[in-house]
Every structure is written in C-alpha cells, then in structure tokens.
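Dear colleague,

Here is the structure I said I would pass on. My notes on it follow below the files.

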Amino acid sequence: MKNKVAYFGVFTAFALILSYVEMLIPIQFGIPGIKLGLANLMIVIMLYKRNAKEAMMLSVVRIVLAGFMFSNLFSIIYSLAGGTLSLIVMALLKKRESFSVMGVSIAGGVSHNIGQLLVAMAVVETYRVGYYFPVLLIAGVLTGALIGVVSNEVLKRLRGVDLG
Amino acid sequence: MKKNDWILIAAVLVVAGIFFGMHLLTPGVKGGVAEVTIDGVLYGTYALDENQTVTIRDTNRLEIGEGKAKMVWADCPDQICVNQKAISKEGESIICLPNKIVVSIVGGDKKTMDAVTY
Ligand SMILES: [Zn+2]
C-alpha cells in the first residue's frame with residue numbers, strides 16, 4: 001500500500017514536469033488553450049502497468065495541479081475534456097488487445113485533441129472550427145506516436161517491475 | 001506495431017485529408033462577409049470586398065482588406081488571435097477565447113456556380 005502511494009507520487013511528479021515542458025513549447029493550433037498532451041506519456045504507462053482506474057486518477061490529479069500551477073480555469077476544462085476522452089478511448093482499445101502501445105497511444109493523442117476541440121466549440125458557441133480539425137488530427141497522430149515510442153521503451157525497461 | 005495500429009493511423013490521416021481537401025476546395029467567396037460574434041451573440045457582419053477597420057468593443061480590432069480579414073490588435077493576454085493568419089474562405093475563423101470573440105467567414109448563397117462562372 002505504501003509502495004503504491006509512493007509510485008503514484010512519482011508518476012504525478014513526472015506528469016507535472018511534462019506539463020511544464022509542454023507549456024514551454026511554443027506550438028499553437030490556432031485555438032487558445034489547446035495543448036499537445038505530452039503528460040499523456042505517464043497516463044499510458046500507468047494504464048499498462050496498473051489499470052484504467054488508477055490512470056484516470058493520475059490524469060485528474062495531474063490536470064488540476066498543473067492547471068493551478070501553470071495556467072487557469074479554462075485550460076483545466078480543456079485538459080479534463082481531452083484527458084478524459086483520451087483515457088476512455090485508450091482503455092477501450094487496450095482491452096481489445098489488437099492494438100500495440102503505439103496504436104493505443106495514437107488513438108489517445110487524437111481523441112485528446114478532439115475532446116479539446118469539442119470544448120472550444122462549446123465555449124465560443126460556434127461550429128466553424130472545422131478548419132482546425134485536420135490540423136488537430138494530424139498533431140494528435142504525431143504526439144501519440146512520439147508518446148507511443150517512448151512508452152514502449154519505458155515499459156520494456158519496467159518489465160518485471162511491479163508497481164504497488 | 002500491429003496491423004490495427006497502421007489501419008488506425010491510415011484512417012485518421014484519410015479523415016484529416018478529406019477535411020483539409022474540403023477546405024482547400026472551398027472557393028474564396030465573392031461577396032462573402034466576416035461575421036463577428038461575442039459570446040455566441042452576433043455583433044456585426046462586414047463585407048470582405050470593402051476595405052475597413054472594425055473596432056470590436058474596444059478589446060479587438062479587425063482589419064479587412066484585399067478580401068481578407070485579419071485581427072490586427074487585441075488586448076487579450078495570449079495574443080493568439082493576432083498571430084493568426086488572415087482569413088478569406090468560407091468556414092475559416094479567428095477565435096479570441098479570452099474575449100469570447102469569433103470572426104468567421106460566411107459566404108451567403110453565392111459560393112458555388114456563381115463563383116465559378118464569375
Ligand atoms: Zn485574442
């Protein structure tokens with residue numbers, strides 16, 4: 001039990017560092033508040049080493065903490081939408097076992113961005129954000145692939161390490 | 001990588017390609033207007049073929065010239081709207097989230113045959 005809490009703390013810390021790194025990367029998608037989702041890396045690892053429930057917990061804790069530390073309420077709402085949708089999709093795909101970490105992570109990246117876009121559409125009450133849609137899809141594939149490669153390596157090294 | 005991973009990637013890219021293609025194929029509209037909404041409420045519409053500067057509630061300034069609309073000034077902290085490129089095609093938009101302002105191009109009903117034969 002003690003062990004589990006300690007690992008959770010370490011994961012949260014890593015996820016916060018990634019959120020900070022993300023803030024420093026000057027990539028904009030034309031819609032304010034939309035982010036790459038690098039912290040998804042820790043979520044993917046948590047999902048594979050533990051389970052969907054703990055990954056969800058990590059996701060929410062990370063988003064709220066990062067939101068208060070680095071940004072504002074808007075970005076918390078964006079991130080929650082992106083993070084939650086992404087986690088649901090990843091958990092479902094992982095269960096089916098016909099996707100590797102790469103596929104799961106890419107689906108996570110794409111749905112992360114779709115979730116954020118949906119919030120953006122709701123906030124500004126417009127349906128005319130279609131122009132950004134393809135950009136966000138491709139960005140999701142790229143970040144998802146990047147996270148997939150890294151998670152794969154990390155998971156290989158963590159093989160045999162029992163978290164909690 | 002499993003087969004399904006590749007299928008997933010291909011599917012996403014195809015969808016992105018379709019949306020992107022649709023965007024490129026949408027003709028720049030003669031007689032199109034820039035529609036400005038604040039918090040979802042229509043603030044005003046401005047013809048694209050008329051050069052003008054529109055001040056939106058003292059928080060943003062939109063400039064229309066050469067058939068394009070561009071946000072040239074805003075008091076928002078992120079300045080993302082100002083950094084966006086000029087828009088001219090139907091469906092394109094500039095969003096200033098802090099001020100809840102959306103500028104989007106609306107083509108009226110002249111976007112298909114008329115525009116082609118023009
Ligand atoms: Zn702005």
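**Zinc site in chain B**

B:C81 is buried, at a relative accessible area of 0% (buried is under 20% relative accessible area, exposed over 50% and partly exposed in between, with a 1.4 Å probe and protein chains only). The model is predicted, and local features need pLDDT of at least 70, side-chain atom pairs count only at pLDDT 80 or more, and totals for chains, interfaces and linings use all residues. Residues are numbered from 1 along each chain as its sequence is written, chains are lettered from A and ligands numbered from 1 in the order in which they are written, and side-chain values use heavy atoms, with hydrogens and water left out.

B:C81 (SG) is one of the protein donors of the zinc ion; the others are B:C76 (SG) and B:C96 (SG), and the distances run from 2.2 to 2.3 Å. Donors here are N, O and S atoms within 2.8 Å of the metal (3.2 Å for Na, K and Ca); water is not among the atoms, so sites may look incomplete. Along the chain the donors have the spacing C-x4-C-x14-C. B:C76 is buried too, with 3% relative accessibility.

**Elsewhere in chain B**

B:V36 sits in strand β1 (residues 33-38) of chain B. Helices (H or I, at least four residues) and strands (E, at least two) are DSSP runs, numbered from the N terminus. The relative accessible area of B:V36 is 0%, so this residue is buried. Apart from neighbours within four places in sequence, B:V36 is in contact with B:V41, B:L42, B:Y43, B:G44, B:Y46, B:I56, B:L62, B:I101, B:V102 and B:V103 (contact means heavy atoms within 4.5 Å). One of these partners, B:I101, is 65 residues from B:V36 in sequence but 7.0 Å away in space, C-alpha to C-alpha.

B:E66 is found in the loop between β4 (60-65) and β5 (68-74) of chain B. Its phi is positive, about 50 degrees, although B:E66 is not a glycine. Most residues other than glycine have a negative phi. B:E66 is exposed, at 75% relative accessibility.

Eight of the 10 residues of α2(A) are buried, so the helix is largely enclosed by the rest of the structure. The buried residues are A:N40, A:L41, A:M42, A:I43, A:V44, A:I45, A:M46 and A:L47.

Two packed helices are described by the angle between their axes and the distance between the axes. Axes are lines fitted to C-alpha atoms, for helices over the stretch in contact, and angles run from 0 to 180 degrees between N-to-C directions.

Helix α2 (residues 40-49) and helix α3 (residues 52-70), both of chain A, pack at about 155 degrees with their axes 7 Å apart. They are therefore roughly antiparallel (over 145 degrees; under 35 counts as roughly parallel, 65 to 115 as roughly perpendicular and the rest as oblique). The crossing of α2(A) and α3(A) is right-handed; a crossing is right-handed if the near helix is turned clockwise from the far one by less than a right angle, and left-handed if anticlockwise. On the α2(A) side the contact involves A:M42, A:I43, A:M46 and A:L47, and on the α3(A) side A:A52, A:E54, A:A55, A:L58 and A:S59. By class these are seven nonpolar, one polar and one charged (Ala, Val, Leu, Ile, Met, Phe, Trp, Tyr, Cys and Pro count as nonpolar, Asp, Glu, Lys and Arg as charged, and the others, Gly among them, as polar).

With α4(A), the axis of α2(A) comes within 11 Å and crosses at roughly 35 degrees. This crossing of α2(A) and α4(A) is right-handed. A:N40, A:I43, A:V44, A:L47 and A:Y48 of α2(A) meet A:S86, A:L87, A:M90, A:A91 and A:K94 of α4(A). The contact of α2(A) with α4(A) has seven nonpolar, two polar and one charged residues.

**Other residues in chain A**

A:H112 belongs to helix α5 (residues 101-124) of chain A and is buried, at 6% relative accessibility. Beyond four places in sequence, the contacts of A:H112 include A:N40 and A:S86.

A:E97, in the loop between α4 (73-96) and α5 of chain A, has a positive phi of about 60 degrees and is not a glycine. A:E97 is exposed, with 61% relative accessibility.

A:V161 lies in the segment after α6 (132-158) of chain A and is partly exposed, at 31%. Leaving aside neighbours within four places in sequence, A:V161 touches A:Y7 and A:K49.

Regards
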